[in-house]
Amino acid sequence: MTPFNRNFGQGRSREGITPDMNWRELTKAGNIYEPGNANTYETGDWRTIRPMWNEERCIHCLICWRYCPDASIFSTDGKFDGFDYKHCKGCGICANVCPTHAIDMISEDEIDEQKEARENEE
Amino acid sequence: MKNRVALTGNEAVAQAMRQINPDVVAAYPITPSTEVVQMFSSFVNNGKVDTEFVTVESEHSAMSATMGASAAGARAMTCTSSQGLAYMFEVVYVAASMRLPIVFPVANRALSAPINIHCDHSDAMGIKQSGVIQLFSENAQEAYDNMIQAIRIAEHPDVLLPVSVNYDGFITSHALDVLEILDDDTVKEFIGEYHPQEALLNVNEQLSMGNFDMYDYYFEHKYQQVAAMENAKRVIEEVGKEYAKISGRTYGLIEAYKLDDADMAIVVMNSAAGSAKGVCDELRAKGLKVGVLKPRAFRPFPHEAIVDALKGVKAVAVLDRAETFSTLGGPMFADVRTALYDLKADIKVVNYVYGLGGRDLRLEDVEQVYNDLGDIIKTGKVDKFVRYLGLRE
C-alpha cells in the first residue's frame, strides 16, 4: 500500500471543487471555506429535459427569469439572453409560467439522438 | 507527583474528565455510566471545572449538543453506555464524518432485549464501523490513562476523529480499584490548550460544515476517514510513548503478554484480559507455553501488530463478549482471523463467545480454553471453531 499523505484532506480550495480532484485535494469532510461557491458546482448534467427558446414568440417579459429556482436564465439589458445549461436542472418551471409558450422542454435523449444522427450523416 | 488512590472505574474516569476540564459536556444518565456525569456535574457545581454542562433530554441530543459545541470550537465531551450509545448511533456517525475530536467514555453493557444492565461489548461493537476510534481498558487505571491520551489522539491534526474510551460496565465501572492518578498540572500540560484548526465561531474565517455530498465527492470524503484511521495507528503509539514519560506506564496498540515463545494465545479485550493473564501465569508455572494478546485499540484495528505478535503461535482463541449473529462467530474473531489469513502459517484460530449479559468469565473457563487449544495442537483438528464459553448446552 502506498504511504498516506500526511497532508490528507487539508485542501482549502477557494475556487470550488471539481470531480477530477482526489481525496487529498478535497477539503476535509467536505467543509466549505468560501461562500457563493454553488456557482462552481455544475448541476446541468442532472437534467433530463432541456428548455429551448423560441425567439419569435418571446416578448421579453422575463417572468421565466423571475421564477427560475436555479437562477439559470440570463438576461441582458432587460431582455432574455439564453439559459445557463451548466446549472439548469430542467425542472420546466420557465416553460410552465411563460405566457406566450416561448419555451419548449425537449428530451435530452432526443437531443442526443438527433446529434448522433447529424454526426452520422456527416 | 503521582497519587496512589482507590477509585471505582467511573470515579477514575470522572477524575480524568475533571483534569481535562473540557469546555462543554452534554450528557444524559444511563447505567452503568451514570456516575461519571453525576460526579462531573458536582465538579461543575462546586467550581472545580470551567465546563458548560448541558443537561439534555436523550443520548441522541447528548451527542448532537456535543457535536455542535465541538464544531463551534469547544473541547467537548459526553459519556454513555448500552441503549444510550445505541440511541446515539446515527449522531456518532455524523461526529466521525465531520471529523470532530470528541472524547467519550463508554461503560460497556449489554443491549436489550431481554433487559439486562450488565457487562457486554455489544454496545461498543454496534459502532465499530462508524468511524470513531475505540480504545479498550482492562481496569480503572487503563480507563483513566486512556481518557487522558484520548484527548491528544483525537485532536492530533493527522487524525481529528472522535475517540471512545471503553471499560467494562460494573466489573470496572463500579469495582473499587487501586490506581495512580497524575496531578492536575501534569495532565493540563500533557493535553495542552485546545486550539481547533477551524471553528464555526471564528468570525474571521468563513466556514460551512456538514455539507451535502453527491456520489462525485462522498466516496473521497469517506476515504479521508480511512486515511485518518491509518494515521491514528501511528499517533496512538506516539502519544502512548509520550504518556510513558509522565506516568511510567507505556501504552501501544496492543499488549502482548508472554507471547514471545508461546504456542497458544488468547486474544481478549477489557477486564477479561486480566483473568486471562492470571491463568496464563499459572499455566506458565506448570511449563505450558501460553500467552495473552490484549488489543487496546479495536478501531483502528491494529492488524499489523496482531499478526506480528501471533506469527509464532500454533493456536489462537479469540474471546468475544458480543455476538454478530452471522453464525460465523464474534466481531473480533472475524478481524483477527482475517488478519492472520495471509500468513498462510496454518495457525488454528477459534472463537469463544463469552460473558454475554454480564455472565462471569471464571478462571476455570479460561483454563478450559487453553486446554482446548492444547488439544487442537495435539490432534491438528478443530471440530467446532465457534464455541460458547459457559453456555448451558
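**Entry 1: helix 7 of chain B**

I count a residue as buried when its relative accessible area is under 20%, and as exposed when that value is over 50%. I keep in mind that this is a predicted model.

Which residues of helix 7 of chain B are buried? I looked through residues 184-191 and noted Val187(B), Phe190(B) and Ile191(B). Next I looked down the helix axis. The buried residues fall within an arc of 85°, so they line one face of helix 7 of chain B. An α-helix has 3.6 residues a turn, so residues three or four places apart point the same way.

Then I turned to the face of helix 7 that points away from the buried side. There I found the exposed residues Asp185(B), Lys188(B) and Glu189(B).

What do the buried residues of helix 7 pack against? I listed four elements of chain B: helix 1 (9-20), helix 6 (140-155), strand 8 (176-182) and helix 8. I also checked what comes just after helix 7. Gly192(B) sits there, with a positive phi of about 70°.

**Entry 2: chain A**

I moved on to chain A. I noted three helices and four strands. Along the sequence I read the pattern β-α-β-β-α-β-α. Chain A has 122 residues, and 33% of them count as buried.

I also looked at contacts in chain A between residues at least 6 apart in sequence. Of these, 50% join residues at least 24 apart.

**Entry 3: where the chains meet**

I then looked up the area. The size of an interface is often given as the accessible area lost when the parts come together. Chain A and chain B bury about 2400 Å² between them. Carbon and sulfur atoms hold 53% of that area.

Next came the specific pairs. I noted one salt bridge across the interface. Its partners are Lys28(A) and Glu198(B), and their closest N and O atoms are 3.1 Å apart.

Definitions and conventions:
Residues numbered from 1 in each chain as written. Chains lettered and ligands numbered in written order. Predicted model: local features only at pLDDT ≥ 70, side-chain atom pairs only at ≥ 80, totals over all residues. Heavy atoms only, no water. Buried area = accessible area lost by both parts, 1.4 Å probe. Salt bridge = Lys/Arg side-chain N within 4 Å of Asp/Glu carboxyl O. Buried < 20%, exposed > 50% of the residue type's maximum accessible area, 1.4 Å probe, protein only. Helix = DSSP H or I, 4+ residues; strand = E, 2+ residues; numbered from the N terminus. Arc of directions from axis to C-beta. Contact = heavy atoms within 4.5 Å.
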